[in-house]
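Take a moment to look over the sequence and the model. The paragraphs that follow walk through them part by part.

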Amino acid sequence: MRAMIFAAGLGTRLKPLTDTMPKALVPVAGKPMLEHVIMKLKTAGFDDIIINIHHFGEQIIDFLHANNNFGVNIHISDEREMLLDTGGGIKHALELFPTDEPVLIHNVDILSDVDLSQFYDFHLHTRNDATLLVSQRKTSRYLIFNNEDRLCGWINKSSGETKPEDFVFDSSKHSEYAFSGIHIVSPSIFKYMVDKWNGKFPIIDFYLGTCHEARFGACVKPEIKLIDIGKPETLEKANEFINMI
């Protein structure tokens, strides 16, 4: 099974740590967050992993070499010349390493107790072009799905902003969920990545911009334990969290 880890981010919210290292190598409970994600994927049966790099990318390459790629087949998607954001990063990587199989996408700064193998099997039994792992955790921004668990919108509860702009939430027809930063894309996604979907673009903008044509589904895990290690305060909590999962 193949997976991709987003490790190219600048990690600006974790400064000053990321002034001298990539976010992916910031330690959690004594090990870089990248190592935690690689080992979780390996345990779940993912033996072919793409890692994109940008900020201090050579440090990630050296780290992987020093650890013999943790016993899995690792490909580097090099974005050191231009950071392509999440959507552009996926398109660039999967053009470099084409596959006829779905690819699980995992943010490097996400730790969770999710059974990734089970999630992969869930996607295989759907007709989805992509499946997004979501939960009912509290946040200010939610993805909106219809009664068939198909993506149809987004809302920022703090600002009232919606995507598409004319989207109207109806609690009898829609459910709102928080995105986990873990999703699976099938090769069929590429037929929608045309026109403006080139170069640098966020994957969520792509999902929302094409959700009326493509089939982007939800895998709902209400009981999920998950932490986003993007900020100093959550980095401290992550040291305790890692012992709970």
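**A walk through the model**

Start at one end of a strand pairing: Ile53 stands opposite Asp78 in β5. This is a predicted model, in which local features need pLDDT of at least 70 and side-chain atom pairs count only at pLDDT 80 or more, while totals for chains, interfaces and linings use all residues. Residues are numbered from 1 along each chain as its sequence is written, and side-chain values use heavy atoms, with hydrogens and water left out.

Ile53 belongs to strand β4, residues 48-53. Helices (H or I, at least four residues) and strands (E, at least two) are DSSP runs, numbered from the N terminus. Strand β4 is mostly covered, with 6 of its 6 residues buried. Buried means under 20% relative accessible area, exposed means over 50%, and partly exposed lies in between (1.4 Å probe, protein chains only). Asp48, Ile50 and Asn52 point one way from β4. Ile49, Ile51 and Ile53 point the other way.

Now look at the neighbours of β4. Two strands pair if DSSP finds at least two bridges between them. Strand β1 (residues 2-6) runs parallel to β4, and 5 bridges join them. Here Ala3 stands opposite Ile49. Strand β5 (residues 73-78) also pairs with β4 in the parallel sense, over 6 bridges.

Which residues of α2 are buried? They are Gly57, Ile60, Phe63 and Leu64. These residues cover an arc of only 120 degrees around the axis, which puts them on the same side of α2. The arc is that of the directions from the helix axis to the C-beta atoms. The face turned away from this buried side carries the exposed residues Asp62, His65 and Ala66.

Phe63 leads on to the aromatic rings. The structure holds 9 aromatic pairs. One of them joins Phe63 and Phe70, which are tilted, 5.6 Å centre to centre with 50 degrees between the planes. Rings of Phe, Tyr and Trp (its six-membered ring) pair if their centres lie within 6.5 Å; planes under 30 degrees apart count as stacked, over 60 as edge-to-face and the rest as tilted. Phe63 counts as buried at 15% relative accessibility. Phe70 is buried too, with a relative accessible area of 10%.

The rings of Phe206 and Phe216 have their centres 5.9 Å apart and their planes at 55 degrees, so this pair is tilted. Phe206 lies in helix α5 (residues 203-210) and Phe216 in strand β13 (residues 216-220), so the pair ties together parts that are 10 residues apart in sequence. Both Phe206 and Phe216 are buried.

Another ring meets a charge. The charged end of Lys163 sits over the ring of Trp154, 5.0 Å from its centre. A charge sits over a ring if NZ of Lys or CZ of Arg is within 6 Å of the ring centre and within 35 degrees of the ring normal.

Strand β13 has a partner in strand β8 (residues 130-135): 5 bridges join them, and they run parallel. There, Leu133 has Cys219 as its bridge partner. Strand β12 (residues 174-185) runs antiparallel to β8, again with 5 bridges. In β12, His183 is the bridge partner of Leu132. Is β8 enclosed or open? 6 of its 6 residues are buried, so β8 is largely enclosed by the rest of the structure. Ala130, Leu132 and Val134 are buried on one side, and Thr131, Leu133 and Ser135 on the other.

How many disulfides does the whole structure hold? A search finds 0. Cys152 is in no disulfide, and the nearest cysteine sulfur, that of Cys211, is 6.7 Å away. A disulfide is a pair of cysteine sulfur atoms within 2.5 Å. The sulfur of Cys219 is 17 Å from the closest cysteine sulfur, in Cys152, too far for a bond. Cys152 counts as buried at 11% relative accessibility, and Cys219 at 4%.

End at helix α6 (residues 232-241), where the buried residues are Thr234, Leu235, Ala238 and Phe241. Seen down the axis, they fall within an arc of 110 degrees, so they line one face of α6. On the other side of α6, Glu236, Lys237 and Glu240 are exposed.
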